[in-house]
Amino acid sequence: MVPILASGVLKVIVRPMGTLAQFAELWASWFGMAGPAGGGSRVSSVMELCVNGSAHRVNAEAEKSLLLVLRDDLGLTGAKIGCGEGECGTCTVLVDNEVCRACMTPVGTVIGKRIRTVEGLEEHGELHPLQQAFLECGALQCGYCTAGMLMAAWALLQRNPMPTEPEIIAHMQGNVCRCGCYPRIVRAIQQASRHLDASAAFEARR
Ligand code: FES
Ligand code: FES
C-alpha cells in the first residue's frame, strides 16, 4: 500500500487544489464570482437529493460537484476538499452504497440515488462502531482524511463483514492519510468488523 499511497501524498502536496478548472469552481464557490479560468454562464436548477435518508432540495448547476453541493448548499462539511481530482479520497461519500469521489461527481448524476455521508453514520446519537473503533485505536491524527476513510471502510464492511488485513489494505488503497496512520486505520477496521460480527451474532440469538 505504501508506494501507491506515497505517490498519492505527493500529488496532494504538489497539487492541493487539483486542476485549474477545479480551482475555478472552488473560487466561484467561495467568492461568488468567476475564477481566473473564466467561468462562463451556467444554468442552475432545483433538484432533489436523498442524503442520509432525507430528501433535500437544492438549487445548483448539474455540473457542480457533489462535494461542493454537500458542503456549501447542505452544510455537510464532513467530506473534505483534498486533491480535487479523484486521487486522495478525502471527499469519499457513498452513492447507492458504492464508494464515490464526490469531488469528481457532477451533482446532476446522483439525482434519485441514495447518498450517504459521514454525518449519516451515527444512529440515535450513538457513534457507529467504525467511528468508535477509529477513536479507540487512535486511527487519526489531524483527522482530515478520516471522514473519507470511514466511508470507504463502511462500504467494505457492507460487502465483506470480516475482511482480512490484505483485503482491507487493497480496498483502502484509494484513500490517502497524510499523517501516515495506516496501521492504526487497518486495526480500527478489524476491530469494527469484530464488533459488528458480534452484534450480528447477538441479534441472531434473540
Ligand atoms: S478531493 Fe481528493 S479524491 Fe476528491
Ligand atoms: S490525514 Fe491526518 S489523520 Fe489522516
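**Core, sheet and turns**

Modeller: In this predicted model, the largest nonpolar core has 47 residues, and those with the most contacts inside it are Leu67, Ala79, Ala102, Leu150, Met151, Ala153 and Ile185. Two or more residues each come from S1, H3, S3, helix H4 (129–137), helix H5 (146–159) and helix H7 (182–205). H5 gives the most, with eight residues.

Biologist: What is alanine 102 in contact with, leaving aside its neighbours within four places in sequence?

Modeller: Alanine 102 is in contact with Ser65, Leu66, Leu67, Leu70, Ala79, Cys91 and Val93. Each of these pairs is called a contact because the C-beta atoms lie within 7 Å.

Biologist: Why is helix H3 called mostly covered?

Modeller: A residue is buried if 20 or more other C-beta atoms lie within 10 Å of its own. Six of the eight residues of H3 (66–73) are buried, so the helix is described as mostly covered. The buried residues are Leu66, Leu67, Leu68, Val69, Leu70 and Arg71. Just after H3, glycine 75 takes a positive phi of about 70 degrees.

Biologist: Why is asparagine 52 called partly exposed?

Modeller: Asparagine 52 has 16 other C-beta atoms within 10 Å. Buried requires 20 or more and exposed requires 12 or fewer, so a count of 16 is in between and asparagine 52 is partly exposed. Asparagine 52 is found in the loop between strand S1 (44–51) and strand S2 (54–61), and its phi is near 50 degrees, a positive value in a residue other than glycine.

Biologist: What makes asparagine 97 partly exposed?

Modeller: For asparagine 97 the count is 13 other C-beta atoms within 10 Å. Exposed would need 12 or fewer and buried 20 or more, so asparagine 97 is also assigned to the partly exposed class. Its place is the loop between strand S3 (92–95) and strand S4 (98–101). Phi of asparagine 97 is positive, near 65 degrees, and in this hairpin, which has two residues between the strands, aspartate 96 takes a positive phi near 50 degrees.

Biologist: How do you know that S3 and S4 pair?

Modeller: Pairing requires at least two bridges, and S3 and S4 have four, so they pair, in the antiparallel sense. Cysteine 50 stands opposite arginine 114 in S5.

Biologist: What makes S2 and S4 the edge strands?

Modeller: The open sheet of five strands has the order S2-S1-S5-S3-S4, with mixed pairing. S2 and S4 are its edge strands, as each pairs on one side only. Neighbouring strands are turned by 45 degrees against each other on average, direction ignored. H5 lies across S3 and S4, running at about 35 degrees to S3.

Biologist: Where does pLDDT stay under 50?

Modeller: pLDDT stays under 50 over residues 1–18, for which the model has 28 contacts beyond four places in sequence. Residues 32–40 also stay under 50, with 14 such contacts. Where pLDDT is low, the predicted coordinates should not be read in detail. For the protein chain, the mean pLDDT is 85, and 76% of its residues reach 70 or more.

Conventions
Residues numbered from 1 in each chain as written. Chains lettered and ligands numbered in written order. Predicted model: local features only at pLDDT ≥ 70, side-chain atom pairs only at ≥ 80, totals over all residues. pLDDT = per-residue confidence, 0-100. Contact = placed C-beta atoms within 7 Å. Core = buried A, V, L, I, M, F, W, Y, C linked by C-beta atoms within 7 Å. Axes fitted to C-alpha atoms, helices over the stretch in contact; angles between N-to-C directions.
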